[in-house]
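Subject: Structure handover and notes

Dear colleague,

Here is the structure I said I would pass on. My notes on it follow below.

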Amino acid sequence: MSDTLKWMFFCIDVYLVIFYYFNTEVIIPYLLAKKRWLWYSLAIIGCLSLFIMIPTFFEEALNQENPGRAKFKMGRRSRSLYPFNGSTAVFFLVFTVSTCIKVIQQWLSAEQRQKLIETEKLNTELSFLKSQINPHFLFNTLNNIYSLAIVKSDETAAAVMKLSSIMRYVLSDTKQHLVPLEKEIEFIQHYIDLQNLRLTDKIKINFIVNGEQEGKQIAPLLFIPFVENAFKYGISTKEHSEINITINIKPNEIEFITDNRILALETDAEKKNGIGLKNTRRRLEILYADKHTLEIHRKEDHFYVNLKITQ
């Protein structure tokens, strides 16, 4: 192989490398990504035309090196000379590979950005949820504990410890993505116990946990909106009422159920400022995507929630 032919091959290879990076770093980001279809097409056609012209610069030198043979004519296909046999295919192979790699990189980058956005949004939602646990609940509980202290009740110390445990869980433990299920259940139990301080004998709260808690994990504060909702609308000081809260723990599933009558009306302020179920639905969609089912039934004066989470 002559030196001229080697140089021609070298220039072709260098051009393909340059085109690869030019396509991935300039043409795709600035033309294809911005949907400038005409300019994108013209850029590719221009690069292809320049690629096809490269051998013409070596035509005269090749003919001088081979005076006794038929002259190389770069304007038409030749059996003996690369890149004319399959030259366009080689160019488009590099074009296809570079485009696919860049598009996949951009897609993965977009997916990563979307995940970061979702994570940030989830953290914001969780912070909002924490802030809602719950000024009214806190003030009512403090008032109840104050009342217990006035009468020197034996329940005062236990109430203070349970409130302290709730605040510590909300402010510290829930910084983790997942928490032990037993801590979440303990949090709900303390919440119910403190709510019971202000309830009369007309109200019955049934909290039942079935199954083995050890080794299970759950997203923090996932169940409490449903519990709060049951206390907010399911109790009345004027008539007998009952709230049933059940957690069934299975090897590969956690089921949470609330069942209560609707005895209180939702005010405009609560509609606007309450935690609501929308935030919880959103957290479930992000955290448990295809690993949960949520059934909420509201029929006349009855409200029923059934949440199943696959482990």
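Which hand does the crossing of α6 and α7 have, left-handed or right-handed? The model is a predicted one, and in it α6 and α7 cross in the left-handed sense. The rest of that pair is described further down, after some remarks on the chain as a whole.

Overall picture

The chain has 311 residues, of which 40% count as buried. It contains 10 helices and 7 strands. Among the contacts with a separation of 6 or more, 72% are between residues 24 or more positions apart.

Mean pLDDT for the chain is 81, with 82% of the residues at 70 or more. Two stretches should be read with that score in mind. Over residues 74–85 pLDDT stays under 50, and the model has 27 contacts beyond four places in sequence for this stretch. Over residues 267–274 pLDDT also stays under 50, and here the model has 7 contacts beyond four places in sequence.

Cysteines

The number of disulfides in the structure is 0. For reference, a disulfide is a covalent bond between the sulfur atoms of two cysteines. As for individual cysteines, C47 has a relative accessibility of 11% and so counts as buried. C100 has a relative accessible area of 40%, which means that C100 is partly exposed.

Two packed helices are described by the angle between their axes and the distance between the axes. Helix α6 covers residues 156–171 and helix α7 covers residues 181–196; their axes come within 9 Å and cross at roughly 135 degrees. The two helices are therefore oblique to each other. From α6, the residues that take part are A159, K162, L163, S165, I166, Y169 and V170, and they meet K183, E184, E186, F187, H190, Y191, D193 and L194 in α7.

One of these residues can be followed in detail. S165 sits in helix α6, and its relative accessibility is 12%, so S165 counts as buried. With neighbours within four places in sequence set aside, S165 is in contact with E186 and H190. Both of these partners are on the α7 side of the pair.

Helix α7 also packs with helix α8, residues 224–233: the axes of α7 and α8 come within 11 Å and cross at roughly 15 degrees. That angle makes α7 roughly parallel to α8. The residues in contact are F187, I188, Y191, I192 and Q195 of α7, together with I224, V227, E228 and F231 of α8. The crossing of α7 with α8 is right-handed, whereas that of α6 with α7 is left-handed.

Helix α4

V94 belongs to helix α4, which runs over residues 87–131. V94 has 18% relative accessibility and therefore counts as buried. Residues up to four places away in sequence aside, V94 touches L16, F19 and Y20. V94 and N23 are 71 residues apart along the chain, and their C-alpha atoms are separated by 9.6 Å.

Strand β2

K204 is in strand β2, residues 203–210. Not counting residues up to four places away in sequence, K204 touches S241, E242 and I243. For K204 and E242, the sequence separation is 38 residues and the C-alpha to C-alpha distance is 4.7 Å.

Backbone points to check

Which loop holds K35? K35 lies in the loop between α1 (3–32) and α2 (37–53). K35 is not a glycine, yet has a positive phi of about 60 degrees. Its relative accessible area is 59%, so K35 is exposed.

K152 is another residue other than glycine with a positive phi, in this case near 55 degrees. K152 is found in the loop between α5 (135–150) and α6. At 74% relative accessibility, over the 50% cut-off, K152 counts as exposed.

Those are the notes for now.

Regards

Key:
Residues numbered from 1 in each chain as written. Predicted model: local features only at pLDDT ≥ 70, side-chain atom pairs only at ≥ 80, totals over all residues. Heavy atoms only, no water. pLDDT = per-residue confidence, 0-100. Contact = heavy atoms within 4.5 Å. Disulfide = S-S within 2.5 Å. Buried < 20%, exposed > 50% of the residue type's maximum accessible area, 1.4 Å probe, protein only. Axes fitted to C-alpha atoms, helices over the stretch in contact; angles between N-to-C directions. Helix = DSSP H or I, 4+ residues; strand = E, 2+ residues; numbered from the N terminus. Parallel < 35°, antiparallel > 145°, perpendicular 65-115°, else oblique. Left-handed = near helix turned anticlockwise from the far one by under 90°.
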